[in-house]
Amino acid sequence: MEVYSAKFVTSNTDVKKCPEPDKHEYAFIGRSNVGKSSLINMLTNHGKLAKTSGTPGKTQLINHFLINDEWYLVDLPGYGYARTSKSQRGQFSAMIRNYILQRENMICLFVLIDSRHDPLKVDLEFMEWLGENGVPFVMVFTKADKLTTTERMNCISKYQEKMKDTWESMPMAFITSAETKLGRVELLSYIEELNQLEME
Ligand code: GTP
Ligand code: MG
């Protein structure tokens, strides 16, 4: 699938104020600084669509982008960012939780994971919570340009090892880099496949 248009629509703090849920949408979540906004820019071939930063905590709202006038990509704030004040952290998680549980047209959540780290508790727990709530998601390993091919494989194996006790089967996993565009074709093909599904 080609992305021929990508437009910013709205930023919201509340799922109830998001655009009409009449199109398929795919949201990007993960720890702060994992590369959510960068991946959205990479997929849309648009350097500055979603705001990125070297400092964690850049994205603080639910941001909708309309792609090809047909479906939405959604950039979400990160979780697990220690330097945000406690009350704000609570607010973020409520905002994110409500969005994830209530947004009826969100077809698949892309859970971004920094491929440079060993499995982190916060990511494992977040995915368990998604599983418990029946939220469809896939794993997306980011910043793969910083790793060798062997290290990339090891990173997936480590998650498999950690998750095998809780999960019947591993969620689908993609390996990506916003720098080299690794994984772009695969992610867009996957979205195209999901776009074919009828809206319920
Ligand atoms: P928050 O909005 O703060 O939650 O962060 P985010 O997850 O949206 O991350 P963002 O896209 O802003 O990227 C964070 C930093 O990681 C930036 O300095 C990016 O340039 C860098 N980065 C993102 N993706 C990649 C990648 O694939 N490779 C490399 N080398 N750096 C990346
Ligand atoms: Mg961001």
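Me: Where does ligand 1 sit?
Reply: In this predicted model, ligand 1 sits in the largest pocket, and that pocket holds about 430 Å³ of space.

Me: How many residues line the largest pocket, and which lie nearest its centre?
Reply: The lining is made up of 26 residues, and those nearest the centre of the largest pocket are Asn33, Val34, Gly35, Ser38 and Lys143.

Me: And which element gives the largest share of that lining?
Reply: That is helix α1, covering residues 36–44, which contributes 4 residues to the lining of the largest pocket.

Me: What's the lining like by class?
Reply: Sorted by class, the lining of the largest pocket comprises 15 polar, 7 charged and 4 nonpolar residues.

Me: OK, now the ligand itself. Which residues come nearest to ligand 1?
Reply: There are 22 residues around ligand 1, and the ones that come nearest are Ser38, Gly57, Thr59, Asp145 and Ala178; by class, the shell around ligand 1 divides into 12 polar, 7 charged and 3 nonpolar residues.

Me: Which atoms of Gly35, Ser37 and Ala178 face an oxygen atom of ligand 1?
Reply: For Gly35, a polar backbone atom lies 2.9 Å from an oxygen atom of ligand 1, while for Ser37 an N or O atom in the side chain is 2.9 Å from an oxygen atom of the ligand.

Me: How much of the accessible area of ligand 1 does the protein cover?
Reply: On its own, ligand 1 has 650 Å² of accessible area, and the protein covers 87% of that.

Me: Switching topic: where is Lys143 in the chain, and what is its phi?
Reply: Lys143 is placed in the loop between β6 (137–142) and α4 (149–163), and its phi is near 60°, a positive value in a residue other than glycine.

Me: What about Lys181, where is that and what is its phi?
Reply: Lys181 belongs to the loop between β7 (173–175) and α5 (184–195), with a positive phi near 70°, again in a residue other than glycine.

Definitions and conventions. Residues numbered from 1 in each chain as written. Chains lettered and ligands numbered in written order. Predicted model: local features only at pLDDT ≥ 70, side-chain atom pairs only at ≥ 80, totals over all residues. Heavy atoms only, no water. 1 Å grid on protein atoms, 1.4 Å probe; cavity = no way out; pocket = protein on both sides within 12 Å on 5 of 7 lines; lining within 4 Å. Points joined across faces, edges and corners; volume = space filled by probe spheres on them. Helix = DSSP H or I, 4+ residues; strand = E, 2+ residues; numbered from the N terminus. Nonpolar A, V, L, I, M, F, W, Y, C, P; charged D, E, K, R; others polar. Near = heavy atom within 4 Å. Polar contact = N/O pair within 3.5 Å; in protein donor to acceptor, adjacent residues only side chain to side chain. Areas by Shrake-Rupley, 256 points an atom, 1.4 Å probe, with all protein chains shown as cover. Sits in = over half its atoms within 2 Å of the grid points.
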